[in-house]
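Please look over the following notes with the coordinates open beside you. They are set out as numbered points.

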Amino acid sequence: MNIAIVCYPTFGGSGVLATELGIALADMGHQVHFVTYKQPVKLALLSHHVYFHEVAVPDYPLFRYQPYELALSSTLVNVVKDHNIEILHVHYAIPHAYAGFMAQQMLLEEGIKIPMVTTLHGTDITLVGNHPFYKPAVTFSINKSDAVTSVSESLKQDTLTHFPIKRPIEVIPNFIDLSKMDQQDGPCERGAMAEPHERIITHVSNLRPVKRLLDVVEIFDRVVAQCPARLVIVGDGPDKAPAKALIEQKGLKSKVQFMGNSDEVHKILCLTDLFLLPSQIESFGLAALEAMACRVPVISTNVGGLSEVNVHGYSGYLSDVGDVESMAENALSILMDDATLDRFKDQARAQAQNFSIDLVVPQYEALYKKTIAETELAV
Ligand code: GMT
């Protein structure tokens, strides 16, 4: 199949997932065309059957806001025509589903009927999409999609609760390539991050308020009082400064390392003992799945799709949002002795196997084929 994928090219989970999906589909022999404003961070263009088309939005003095949707839909029209694209797959509804629908309409004028699959990722529904500014356009573009998927059962229910959706929503969970996670250039260099007797605790996110980075610090503060440990924070975002201030105030500075945005998350996870994800909202928690794939148990909240990913008492533990006491207690119960930690590490990896790339990517492939066949029948 000739497939066009629209996504955010950044470190966010939806962009990472879309990129991994495109690479996997290309490995299966499909031609995959990424259409976005920058080469996706995890996309190596030297791989076979993968192409990148930049959406350029030239600046113009009249514009206060650059019309990205317009440029995206125009680029999509050209890519579809130039490369005989058979299906569009847009990740994150805003504004991709809307721009995709406009491209479909323009192509229809030229007699080209191209189906569109929209994948809902989370904040496009729960945080941003639900805002009255966007809601009518988000509802419209979901209803106009030829197929809609969500990354968890919880996100599907949230979508149906908050939006008048007339289309069926198929749950296709996020996935992980376990073999990629196993590829290391060498042994995990724990010594670079901690003393031999210290546990390594990691948090990876875009450090926005929804990730509750201050809770990460509060949990670590309680853990380190009873168990020698280091905290590694990967990512960048608005809560970095308040977290640094709290770390300073608690006298934890020498035990916490900020890594910024990193291309080597799996190398950091390789030497990690415990992952913290105390989010306010999380439709799935791809970061937790990545940790589990690297044999790292997860202490998380119980919101959204997290309970579909992290199994309480098995791959880690789940607590209510903001309950840092419970999260610290659970963390300590895993970290206090080697045998328990090893058991949780094995269980985390076993749970991650339920989201293996081999189980999930064929679901997207089957959905594309079905959607293309239905579109052809409708012509
Ligand atoms: O909001 C984010 O954390 C970024 C966002 C994205 O689109 O990159 O993440 C959402 O999609 C991820 C991939 O499907 C999910 O794993 C995250 O749980 C989800 N984030 C939220 O729901 C907050």
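1. Strand S8 (residues 199-204) and strand S11 (residues 274-277) pair in the parallel sense over 2 bridges, where pairing requires that DSSP finds at least two bridges between two strands, and strands are DSSP runs (E, at least two residues) numbered from the N terminus. Within S11, Leu-274 is the bridge partner of Ile-201.

2. This is a predicted model, in which local features need pLDDT of at least 70, side-chain atom pairs count only at pLDDT 80 or more, and totals for chains, interfaces and linings use all residues. Residues are numbered from 1 along each chain as its sequence is written, and side-chain values use heavy atoms, with hydrogens and water left out.

3. The pair belongs to an open sheet of 6 strands with parallel pairing, in the order S10-S9-S8-S11-S12-S13. Its edges are strand S10 (256-260) and strand S13 (316-319), each of which pairs on one side only, and neighbouring strands are turned by 20 degrees against each other on average, direction ignored.

4. Helix H12 (residues 324-335) lies across S8, S11, strand S12 (298-301) and S13, and runs at about 170 degrees to S13; angles run from 0 to 180 degrees between N-to-C directions, and axes are lines fitted to C-alpha atoms, for helices over the stretch in contact. Helices are DSSP runs of H or I with at least four residues.

5. The axes of helix H7 (residues 213-224) and helix H8 (residues 240-249) come within 9 Å and cross at roughly 20 degrees, which makes H7 roughly parallel to H8 (angles under 35 degrees count as such). The contact (heavy atoms within 4.5 Å) involves residues including Leu-213 and Val-217 of H7 and Leu-246 and Ile-247 of H8.

Notes
Parallel < 35°, antiparallel > 145°, perpendicular 65-115°, else oblique.
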